[in-house]
Amino acid sequence: MKPQIAELLSAAVASLKAQGTLPTDLEPRIQIDNTRDKAHGDLATNLAMMLAKPAGKNPRELAQLLVDALPANTLVEKVEIAGPGFINFYLSDASTASLVKAVLEQKEAYGRNNDGAGRKVQVEFVSANPTGPLHIGHGRGAAVGDCICRLLDASGWDVTREFYYNDAGAQINNLALSVQARCKGLTPDDASWPEDGYRGDYIVELANSYMNGDTVESADQSFTGAKDADDLEAIRHFAVAYLRREQDLDLKAFAVDFDVYFLESSLYSEGKVEAAVKTLIDNGYTYEDGGALWLRTTDFGDDKDRVMRKKDGGYTYFVPDVAYHLDKWQRGFERVVNEQGADHHSTITRVRAGLQALNAGIPKGWPDYVLHQMVTVMRGGEEVKISKRAGSYVTLRDLIDEVGRDATRYFLAARKADSQLTFDIDLARSQSSDNPVYYIQYAHARVCSIFRKLAEAGQSWTLAEGLAALPKLELESEKDLIVKLGRFPEIVKVAANNHEPHSVANYLRDLAGDFHTYYNSEKTLVDDADVRNARLALAEAVRQVISNGLGLLGVSAPQEM
């Protein structure tokens, strides 16, 4: 309903311009907000206070002029001026009925928009090193990243989901050495165990698979264990493929899919890192000092210049990131979102500086970053720190097996990414109103049960009957519920723009709470056919919005619980 109110105010501004009350070159940004207190109406704007100075008038005086200039309409029942010049709108029954109509007619499309207009956006998330099972931090990245993709898709963007495999560097070497040690019968207790070796039981499983000569299918490649404990290179390839497959299986269990799997090693094998470094040198943004190659990142807002190439000839970790993001830009992604752990914070300025120094036309501030904080897992009031299989952390698979995919996804996405998260296993498993995902799904199932009871009573309901009876929704609680349904499209749009799926989760919990309260106080299957049809229409609209919202979170909408 906000766009319609904004159109009314735009018409009022145009009228005051024509009268000479407002400057003709004034192009105000009209903002409509939900009111916190229903006593102040349903929607409000501070437009009069924004325009008072250029108009040379008292804000309340200008507010009255704007109200008087509003076109005749059926959307607003009453308009009031409050405080220093706020304009409060009370929606009419006709406008609230139109909201229910919109939900019932648009169905799965309700809440979607075309902000993206088909433009290309790439979201990189999870991007775990293939050195072990996915941990709960990866799970949070998977949940938040996948929800961001779903929101951008709902906002009309052409979304590409990408996983960046760090399959080069010291960690992969440590993985290979750890597997080799296990192949030779060593344990972490042996003096010759690799200093930075991996100790989880999965290393034992991996070594056994390699020595058994198993074949592993990973992406478009196939690797067979060479059964040779001395062939470190063969062990390296097999281990990476094995763990990539394991991670893929974990992600499939989490209902997360990717369009592109990008290998860090390809940046080197295809010369993209060297090409990017050469461009930076040619552009004059580098210098030699102390045997190292430096990038003048201070030219782009960094607090000090950064080493690109170390004395030993190896590149620092942000250099391949610059080459990787140049590749993203060259693939035509106007918008790129990187969902990563908070430990990546220090790389943001360096990567962006490197991209600007390439002089490739990349906008400042590109790409966008969403950084998630750590997750603490609790059970029985105590922190759960390790998994036997992983050896040092809680795996994503542990949580999925214990509380289910829906609860895991919801809990990991329901808080703002940059806030620390406590995952309470006991709460996630509980079937009570304290468990938000259960509470929301139960509201959906409750509506479905209403329609089952209707059929059991030998009665029926059609969309046409429901729409015709909407004027019978006369209760204040019904109107409040409808107004909340009307906010869903804006929630989706803002959540997509700000990369904040938690706002959808919070909205759904509020909507479910309002519906449960309404359900407990007002009978739906009443004798009066018109009232019954109207309330069924409202219930179905609530069910549809909950279903649409849960879909954006990758959570199911059960019909029975």
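**Entry 1: helix α21**

I started with α21 and found 20 of its 24 residues buried, so the helix is largely enclosed by the rest of the structure. I note here that the model is predicted. Next I checked the length of α21. At 1.5 Å a residue, its 24 residues should span 34 Å, and the end C-alpha atoms are 35 Å apart, which agrees.

Then I looked at the two ends. At the start of α21, a side-chain oxygen of Asp-528 comes to within 3.0 Å of the backbone nitrogen of Asp-530. Just after the helix, Gly-554 has a positive phi of about 70°.

**Entry 2: nonpolar cores**

Which residues have the most contacts inside the largest nonpolar core? I listed Ile-5, Leu-66, Val-126, Val-377, Tyr-410, Phe-423 and Leu-538, in a core of 120 residues. Helix α21 (residues 529–552) gives the most to this core, with eleven residues. Another core lies apart from it, with 29 residues, including Val-273, Leu-280, Leu-358 and Tyr-369. I recall the general rule that nonpolar side chains tend to be buried together in soluble globular proteins.

Setting aside neighbours within four places in sequence, Tyr-410 touches Pro-436, Val-437, Ile-440, Ala-505, Arg-509, Leu-553 and Val-555.

I turned to β15 (residues 375–379), which runs parallel to β17 and is joined to it by four bridges. Thr-376 has Thr-422 as its bridge partner in β17, and Met-378 has Asp-424. β15 is mostly covered, with four of its five residues buried.

Which residues of β17 (residues 421–424) make up the covered face, and which the uncovered one? Leu-421 and Phe-423 are on the covered face, Thr-422 and Asp-424 on the uncovered one. In a regular strand the side chains alternate between the two faces of the sheet. Phe-423 is also among the residues with the most contacts in the largest core.

With strand β16 (residues 382–384), β15 pairs in the antiparallel sense over three bridges. Met-378 stands opposite Glu-383 there. The hairpin has two residues between the strands, and its Gly-380 takes a positive phi near 60°.

**Entry 3: Ile-136 and helix α5**

Is Ile-136 buried or exposed? I read 7% relative accessibility; Ile-136 counts as buried because the cut-off is under 20%. Ile-136 lies in helix α5 (residues 136–154). Leaving out neighbours within four places in sequence, I found it in contact with Val-375, Val-377, Val-394, Thr-395, Leu-396, Leu-399 and Leu-412. I also took its C-alpha distance to Thr-408, 272 residues away along the chain, and got 9.7 Å.

**Entry 4: salt bridges**

I counted 34 salt bridges.

- Asp-146 and Arg-409 meet at 2.5 Å, N to O. The pair links helix α5 with helix α14 (residues 405–413), 263 residues apart. Both Asp-146 and Arg-409 are buried.
- Arg-119 and Glu-334 meet at 3.0 Å, N to O. Arg-119 is in the loop between α4 and β5, Glu-334 in the loop between α11 and β13, 215 residues apart. Arg-119 is partly exposed at 32% relative accessibility, and Glu-334 is partly exposed at 42%.
- Glu-270 and Lys-272 meet at 3.3 Å, N to O. Glu-270 is exposed, with a relative accessible area of 51%, whereas Lys-272 is partly exposed at 26%.

I traced the last pair further. Glu-270 and Lys-272 belong to a salt-bridge network with Glu-162, Asp-327 and Arg-331.

Methods. Residues numbered from 1 in each chain as written. Predicted model: local features only at pLDDT ≥ 70, side-chain atom pairs only at ≥ 80, totals over all residues. Heavy atoms only, no water. Buried < 20%, exposed > 50% of the residue type's maximum accessible area, 1.4 Å probe, protein only. Pairing = 2+ DSSP bridges. Core = buried A, V, L, I, M, F, W, Y, C linked by side-chain atoms within 4.5 Å. Contact = heavy atoms within 4.5 Å. Expected span 1.5 Å × (residues − 1). Polar contact = N/O pair within 3.5 Å; in protein donor to acceptor, adjacent residues only side chain to side chain. Salt bridge = Lys/Arg side-chain N within 4 Å of Asp/Glu carboxyl O.
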